[in-house]
Amino acid sequence: MGGHGPAPRIIFRQFPHNALNQRELLRLADQCVKCGLCLPHCPTFRLCHNEADSPRGRIALIQGLTTGQLDDTARLGAHLDGCLQCQACELACPSLVRFGTLMDAARAARVAKLPRWRRWWRRLRLDVLSGTRLPPLLGPLAAAYRRLGVGAVVRRAGLLRWPRLRVLHGLALRLRRGMALQAPQTTAADTDAAPAPLALFRGCVARTLEPEVMRSALAVFRQLGVPVEVPQGQGCCGAMHRHNGFPDRADTLLARNRAVFAGTSVVGGASACVAELRPALTAIELCRAVLQAPWPAALALHPLTGTVAVHEPCSHRNQLRDTTAVYELLGRIPGLRVVPLPGNAMCCGAAGTYLLDQPQTALALAADKVAVLRQLAPRWLVTTNTGCAAHLGAAAHAAGLELEVLHPVVLLARALAPRT
Ligand code: SF4
Ligand code: SF4
């Protein structure tokens, strides 16, 4: 049986965080009455119909682990690690069980018990992914992969039968080189002296994978006459660390951003970052911020003809719970047919680092999205989250679908761009 050991420090998604002991974690878990109403909403349960891969089953496993009735075996760990942290179950739960908090806490407790070298390795991987050095290299690396024909060699050698390679291959075919952002820059000191009404949050991976989102946001706010700034010194929001068992590091990253953005309203283009920043800062999702801004009466939008399907990322739908802003915003573009992507309640499989860690499930979930996209045949697919855009873009490309995957505000910027 599993030993009790020292009580793990459990971190709530609040700032400053609250440390929870095992008893408090159990109290949260015990709020689950095992009714099972969340099961049909769980993407992993829908795929494999295994109770241990459902919210209710995972809560039972966390209870067993926390009380010491269960050992932390590889099999048990696979069921917990298989959770996407999409929080669809939290939205469906009539008992208001805080599943996201529970899973974050359980992962933190499990990571705390790992041997030091394994903790170090996991933490290093997250630090590199969310740091400033690797993300700018991703575009050039992907370009080299394409230019040198490595992808064709990989395909011919049959290596794409391995899900992880298939995910990486798909991302490499889609990634473009990021471009520098021409934006008014402020430092934390400047911000203190003259707080900007709105300050853009660039994210870590997002600034490389989707640089056009921030460029479009700046262009749109310029047309609306709304001053925005891009403070220097900002960094990763910490979500990757929090959901992978490193809440202390996540809180450190959050604290740094809190200092940088003090006195401003933070506007984030990636819904997962906004959800992470929100407990610590006044953070607004970009579509909502554009919608809230005063629109000049003379502002004219050019028509865009075609259908745009709206993908609702879990962070937007289940955490921010405000996806209507996307539809309202796009609804202002003449000629555009705006439709929700059928099956929006189910995660696409990107889920932060999930697509790298659990590629098989990630690909299976993306395949469902590709199937409905094939039927709908939209010209554009919009999504407010960077990981979802990369994952769905790669899946659509691999399936030969002709559509563009982009952020809603990029589409809006096109409709607002002066025509020559
Ligand atoms: S998490 Fe909520 S919906 Fe799911 S079994 Fe427990 S109480 Fe029921
Ligand atoms: S967070 Fe998502 S994947 Fe995890 S148990 Fe809940 S519904 Fe299932």
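This report describes a predicted model of one chain with its ligands.

## Basis of the model

Local features are given where pLDDT is at least 70 and side-chain atom pairs count only at pLDDT 80 or more, while totals for chains, interfaces and linings use all residues. Residues are numbered from 1 along each chain as its sequence is written, with chains lettered from A and ligands numbered from 1 in the order in which they are written.

## Chain and confidence

The chain holds 23 helices and 11 strands; helices (H or I, at least four residues) and strands (E, at least two) are DSSP runs numbered from the N terminus. Of its 420 residues, 45% are buried, a residue being buried if 20 or more other C-beta atoms, placed from the backbone, lie within 10 Å of its own. Among contacts with a separation of 6 or more, 75% join residues 24 or more positions apart; a contact requires C-beta atoms, placed from the backbone, within 7 Å.

The mean pLDDT (the predictor's confidence in each residue, from 0 to 100) is 87, and 90% of the residues score at least 70.

## The parallel sheet

An open, parallel sheet is built from four strands in the order β9-β8-β10-β11; strands pair if DSSP finds at least two bridges between them. Because β9 (336-340) and β11 (404-406) each have a single partner strand, one side of each lacks a neighbour in the sheet. Neighbouring strands are turned by 25 degrees against each other on average, direction ignored.

Strand β8 (residues 306-310) pairs with β10 (residues 380-382) over three bridges, and Ala-309 stands opposite Leu-381 in β10. Helix α23 (residues 408-416) packs on the sheet, touching β8, β10 and β11, and its direction makes about 125 degrees with that of β10. Axes are lines fitted to C-alpha atoms, for helices over the stretch in contact, with angles from 0 to 180 degrees between N-to-C directions.

## Ligand shells

Ligand 1 is surrounded by 14 residues, the closest being Cys-32, Cys-35, Cys-38, Arg-56 and Cys-93; a shell residue has its C-beta atom, placed from the backbone, within 6 Å of the molecule. Elements α3 (55-67) and α5 (88-92) each give two or more residues to this shell.

Around ligand 2 there are 14 residues, the closest being Cys-42, Pro-55, Cys-83, Cys-86 and Cys-89. Here α2 (43-48), α3 and α5 give two or more residues each.

Note on methods. Contact = placed C-beta atoms within 7 Å. Buried ≥ 20, exposed ≤ 12 C-beta atoms within 10 Å, placed from the backbone.
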